[in-house]
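Please open the structure in the viewer and keep the sequence at hand. The stops below are given in the order in which they may be selected.

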Amino acid sequence: MTDIDRSLPPRRAPDGSTDPVSLTAAPPPKPRPAKKPTKKDGPSAEVVAVWEAEDGRCEACTRAMDRTCARVATVPPSSVPRLLCPDCTNHRPDPLTTAVVGPLTAQALAGTLATTVEASAAWLVAGLRTYGVLLRLDGRRRRRRYWLPGVGAFTLFQAPASPPVVGGPLGKLRPHPTIRVKPQARTRGLPRLPQPDGAG
Ligand SMILES: [Zn+2]
């Protein structure tokens, strides 16, 4: 050891602590999970199995949905997992029941359907309520994406304290849009679950 080494003052923490552990100890390495769960991981195997058994239809309100939007819950006294949409899971009314169609969307549809703006808006919102397939949820931005089979994909904007607005279409409208209903292909045939009431 040289004089220079000896002359160096001991290192101290900024708060003047002389606790050697706090001076030298590095934070313990955090065990890293092999794979961080992300939204890309998608639904669990159980959800996918129930979703497939019910052809993606909510067992309370019958809303068709993409598997990424599907939820599974047991309803006592039964322990059978049931397929639920996000709204029935949270005992909320379907936002489409109070939705209105944005003016640009209604205008675009009116041109394609060769009808009035009012009639095309009524046609679209009625079609979405009955046959719209819930494709994506974006709770953070308060929007959803629905697909109306045979017509196109639409966005539902859910601003607080005002009725949800249907916007879009996302992509080109077909020349003669016609709702094409695909009957439910599979079901376990369990008794239908009660729907959340409209009171919210
Ligand atoms: Zn539902």
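Helices and strands are taken here as DSSP runs, with a strand holding at least two residues, and they are numbered from the N terminus. Two strands pair if DSSP finds at least two bridges between them. The model on display is predicted.

Begin with strand β7, residues 152–157, together with β8; these strands run antiparallel and are joined by four bridges. Within this pair, select alanine 153, whose bridge partner in β8 is leucine 170.

Valine 101 may be selected with valine 166, its bridge partner in β8.

Now move to the loop between β7 and β8, where alanine 161 is placed. The phi of alanine 161 is positive, near 65 degrees, in a residue other than glycine. Is alanine 161 buried or exposed? It counts as exposed because it has 4 C-beta neighbours inside 10 Å, and a residue with 12 or fewer is classed in that way.

Then select histidine 91, in the loop between α4 (86–89) and β4. Histidine 91 is not a glycine, yet its phi is positive, at about 55 degrees. With 12 C-beta neighbours inside 10 Å, histidine 91 also counts as exposed.

The last stop is the loop between β2 (71–74) and β3 (81–84), which contains proline 77. A cis peptide bond, with omega about 10 degrees, joins proline 76 and proline 77. For context, most peptide bonds are trans, and most residues other than glycine have a negative phi.

How values were computed:
Residues numbered from 1 in each chain as written. Predicted model: local features only at pLDDT ≥ 70, side-chain atom pairs only at ≥ 80, totals over all residues. Buried ≥ 20, exposed ≤ 12 C-beta atoms within 10 Å, placed from the backbone.
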